[in-house]
Amino acid sequence: MPLRNVAIIAHVDHGKTTLVDALLKQAGAFKASAPGQECVMDSNPLERERGITILAKNCAVNYTFGPDAGEVAGQEFRINILDTPGHADFGGEVERVLRMADGCLLLVDALEGPMPQTRFVLGKALELGLKPIVVINKCDRPDGRPSAVIDEVFDLLVDLGADDIALDFPVVYASGRSGWAHRDIDVRDNGVHDLFRVIAERVPAPQEDVSAPLQALVTNLDYSEYVGRIAIGRVYKGVLKAGQQVAVSKADGTVKKARVLKVNRFEGLGRRDVSEIRAGDLCAIEGVADIEIGDTIMDPDNHAPMARVKVDEPTLHMVFRINDGPMVGKEGKFVTTRQIAERLERELRGNVALRVSPGDSADEFRVSGRGLLHLGVLLENMRREGYELTVGKPEVIEREIDGVRSEPFERVSIDTDSSSMGSALELLGSRGGEILKVDQRGARMHIEADIPARGLIGFRTRLLNVTAGEAVMHHSFIGYRPASGSVKKRQNGVMVGNEAGTATTYALLQLCERGIMFVQPGDPVYEGMVVGENARDNDLVVNAVRLKPFSNVRDNKEATVVLKAPRLLSLEAALEYIEEDELVEITPSAVRMRKRILRESARRRAERSARDRAAAVAGADD
Ligand code: GDP
């Protein structure tokens, strides 16, 4: 049966899930599944909530063309559809997924046009020689502007250095939601067969040298409690059979012998146990214990390792530690170092860009990942599973490259209204951003800049503040560059509670005149907890649990004063907010910020000795 491997590239919300759903439904892959099942590729609830795809997934359909399908009429094709992660924190994964494909669908919203994230993944696809098929999606939108969007895609491809063949891209006009996709912009009947046909005709068939010695490249890992590690990859040459002996080339150049227990191929949304996988097809392999990404599975008598695919190195780390605050164990089920260690251990099996090493003390772990989102998603998952922990300020990982201290840089794009553009530019400048371009797009302004990843920590919250919530931003990792100067710290001090209890309206009414509160009446508060932001730059120790002194005189004034709404920080916003001497406390029911040292007296002592040390160093330099 002819085979096609196609990757799908789309910006978040441009309708990838809905379109793939329609493809699966119309190919009949859905017959066996429950009615009403939708949004099939983003299966993790957290991914769906945030509109991002974190773990790239594959699915496969068999499609039989009707008699009027020209060259492919009457033929049944097997099509592997490879989902690319929708966020550039997962850049390494993008590349590995694309390596398994022979072509790509670039899905673009008919109104929004190509977005920065598309740019990053598309650039990678072009580098790997994949020719795009452009799908203008949501063509049912009355406000769509498909022709202009095609021009923008063309410009983007030119910008990315696409060759003439790539620039001669086929276009399909689609509405995934209405279930149609056509080459003719004016046709809107029910059916996506045009899209299947373009895939069959324009995506090159994989090389299928089945008589050559076996060569399969592992590009991803999965894990199951029953069978352990599962290698996902593509067979490039030969045939991989269940039960066969193989040789595996490792990163250090050695070759190990192993036996493949089972091989699966992708079918619909799942996998099916098969007796063999032939060259060109994708597979999931069970039974090879310590298999790694980048390994080549080879014929035992004929070793020909393929070029290794790389896993991106982490660019950001955080300290994960036990919750040693006074509320420990009140809200979560898993609180001990051992439980956290086991959970991280489990995560490492499938989360290939994650690294965990011991921290400074026995209760700490240094956890490194691809960015705030990557680690934030892990923390959010842990919290939902019942874990309690505290984490320190995220820090970028510097590296020495050719003797030069270097740090990760990101390309950021910001869309905002013209009135707040100045504030956005100013903020970028203060964070070490270098402005690349500023364009007008309709009534909105579009800014692109390169910025040290360090400058992006805490950026989103500030950007929303200075643009009154108007700005939309995206960023993607571009690489390491020589470290730039320092980036400013948080400008405001915080209000720190000095007593345990329950926050009272009376206390908060007084405190909110000095800044913004993070807690509301009734919230539990403890000594050392960050309860608000001071309008000034110093930290304030405050009492948020004070009760109104008893008096016989009825105070009408208080009854009428309305407490300002507190600022409730999300997990990621809290991670971005804290400074080095602070922690985020994460439990199933709350995200709180606190000082690392809870007791005021101990904190003062620590601050004093830090100052003394700094003075001693300065003195020694003189
Ligand atoms: P993904 O993030 O790219 O996977 O996008 P989804 O498939 O989850 O769709 C994002 C949003 O766009 C949802 O609110 C969908 O209802 C909507 N949407 C998806 N496809 C279409 C379409 O063809 N037309 C219109 N008008 N909206 C669509």
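# Chatting through a predicted model

Me: Why would residues three or four places apart point the same way?
Reply: An α-helix has 3.6 residues a turn, so residues with that spacing face the same way.

Me: Ok, back to positive phi. Which residues other than glycine have it, say in the loop between β23 and β24?
Reply: D402 is one: its phi is positive, about 50 degrees, although it is not a glycine. D402 lies in the loop between β23 (399–401) and β24 (404–417).

Me: Is D402 buried or exposed?
Reply: D402 counts as exposed, because its relative accessibility is 76%.

Me: What about A468, what is its phi near?
Reply: Phi of A468 is near 50 degrees, a positive value in a residue other than glycine. You'll find A468 in the loop between α12 (459–466) and β27 (472–482). A468 counts as exposed too, with a relative accessibility of 71%.

Me: Changing topic: M318. Where is it found?
Reply: M318 is in strand β18, which spans residues 316–321. It counts as buried, since its relative accessibility is 0%.

Me: What is M318 in contact with, leaving aside neighbours within four places in sequence?
Reply: Quite a list: F365, R366, V367, L372, L375, L379, V391, G392, P394 and L575.

Me: And how far apart are M318 and K595?
Reply: In sequence, M318 and K595 are 277 residues apart. In space they are 16 Å apart, C-alpha to C-alpha.

Me: Now H446, please. Which strand does it lie in, and is it buried or exposed?
Reply: H446 lies in strand β26 (residues 444–452). H446 is buried, as its relative accessible area is 1%.

Me: Let's look at the ligand. Which residues around it come nearest?
Reply: There are 15 residues around the ligand, and D13, K16, T17, T18 and D140 come nearest.

Me: Which element gives the largest share of that shell?
Reply: Helix α1, residues 16–26, which contributes three residues.

Me: What about the shell by class?
Reply: The shell around the ligand has eight polar, six charged and one nonpolar residue.

Me: How far is the backbone of D13 from an oxygen atom of the ligand?
Reply: A backbone N or O atom of D13 lies 2.7 Å from a ligand oxygen atom.

Me: And the polar backbone atoms of K16 and H14, how far are they from an oxygen atom of the ligand?
Reply: For H14, a polar backbone atom is 3.4 Å from an oxygen atom of the ligand. For K16, the distance from a polar backbone atom to an oxygen atom of the ligand is 2.8 Å.

Me: What share of the ligand's accessible area does the protein cover?
Reply: On its own the ligand has 570 Å² of accessible area, and the protein covers 78% of that.

Methods. Residues numbered from 1 in each chain as written. Predicted model: local features only at pLDDT ≥ 70, side-chain atom pairs only at ≥ 80, totals over all residues. Heavy atoms only, no water. Helix = DSSP H or I, 4+ residues; strand = E, 2+ residues; numbered from the N terminus. Buried < 20%, exposed > 50% of the residue type's maximum accessible area, 1.4 Å probe, protein only. Contact = heavy atoms within 4.5 Å. Near = heavy atom within 4 Å. Polar contact = N/O pair within 3.5 Å; in protein donor to acceptor, adjacent residues only side chain to side chain. Areas by Shrake-Rupley, 256 points an atom, 1.4 Å probe, with all protein chains shown as cover. Nonpolar A, V, L, I, M, F, W, Y, C, P; charged D, E, K, R; others polar.
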